[in-house]
Amino acid sequence: MTFQLCCASKTTSPHHQLLNDLREILGEARDFNVLHQVRGVLYFADEHFFQCLEGEQSVILHLLEKLYKDPRHHQIKLFRALQVERGHFSQWSMKYVRRNSKI
């Protein structure tokens with residue numbers, strides 16, 4: 001069993017800062033996730049993030065706390081938090097998906 005959490009948020013970054021913030025978010029996520037065996041996917045379009053994370057429940061909930069404190073995100077909505085039999089993102093520490101990407 002693995003814990004899965006899916007949520008969305010809106011960026012607070014001005015347009016000229018967005019690409020840099022996105023790079024930082026992905027870099028931080030990938031570094032943390034590799035160390036803590038978290039897997040997931042991040043989608044960004046139209047000033048909104050959607051992410052789904054999988055791993056140990058205490059680690060995922062810690063990440064959610066960090067998200068609420070991160071000034072680059074606001075209007076955070078939780079969609080799903082539950083135990084799943086098998087994770088869906090075992091190959092990705094943090095897969096980034098852009099609009100119109102093929103997965």
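The legends below describe an overview and several close-up views of a predicted model.

**Figure 1. Overall fold of the protein chain in the predicted model.** Two helices and five strands make up the secondary structure of the protein chain. Read from the N terminus, these elements follow the order β-α-β-β-α-β-β. The C-alpha trace spans about 40 × 30 × 25 Å along its principal axes. The radius of gyration is 13 Å, which agrees with the value near 13 Å for a compact globule of 103 residues. Of the 103 residues in the protein chain, 44% are buried.

**Figure 2. The aromatic pair of phenylalanine 44 and phenylalanine 49.** The count of aromatic pairs comes to two. In the pair shown here, the ring centres of phenylalanine 44 and phenylalanine 49 are 4.7 Å apart. The planes of these two rings make an angle of 50 degrees, and the pair is classed as tilted. Phenylalanine 44 and phenylalanine 49 are both buried.

**Figure 3. The aromatic pair of phenylalanine 50 and phenylalanine 79.** A distance of 6.0 Å separates the ring centres of phenylalanine 50 and phenylalanine 79. Their planes stand at 50 degrees, so this pair is tilted; planes count as stacked under 30 degrees and as edge-to-face over 60. Phenylalanine 50 belongs to strand 3 (residues 48-55), and phenylalanine 79 belongs to strand 4 (residues 73-84). The two residues are 29 residues apart, and their pair links distant parts of the chain. Phenylalanine 50 has a relative accessibility of 33% and therefore counts as partly exposed. Phenylalanine 79 is exposed because its relative accessible area is 53%, where the cut-off for exposed is over 50%.

**Figure 4. A nonpolar surface patch made by Tyr43, Phe50 and Phe79.** The patch has an area of about 290 Å². Tyrosine 43 is located in strand 2, which covers residues 39-45. With 32% relative accessibility, tyrosine 43 counts as partly exposed. Phenylalanine 50, also part of the patch, is partly exposed at 33% relative accessibility.

**Figure 5. Lysine 66 and the ring of phenylalanine 32.** The view shows a charged group together with an aromatic ring. The charged end of lysine 66 sits over the ring of phenylalanine 32. From that charged end to the centre of the phenylalanine 32 ring, the distance is 4.9 Å.

Key
Residues numbered from 1 in each chain as written. Predicted model: local features only at pLDDT ≥ 70, side-chain atom pairs only at ≥ 80, totals over all residues. Heavy atoms only, no water. Patch = residues over 30% accessible without salt bridge, like charges linked within 9 Å, V, L, I, M, F, W, Y side chains within 5 Å. Areas by Shrake-Rupley, 256 points an atom, 1.4 Å probe, with all protein chains shown as cover. Salt bridge = Lys/Arg side-chain N within 4 Å of Asp/Glu carboxyl O. Helix = DSSP H or I, 4+ residues; strand = E, 2+ residues; numbered from the N terminus. Buried < 20%, exposed > 50% of the residue type's maximum accessible area, 1.4 Å probe, protein only. Phe/Tyr/Trp six-rings, centres within 6.5 Å; stacked < 30°, edge-to-face > 60°. Lys NZ or Arg CZ within 6 Å of the ring centre and 35° of its normal. Rg over C-alpha atoms; globule rule 2.2 N^0.38 Å.
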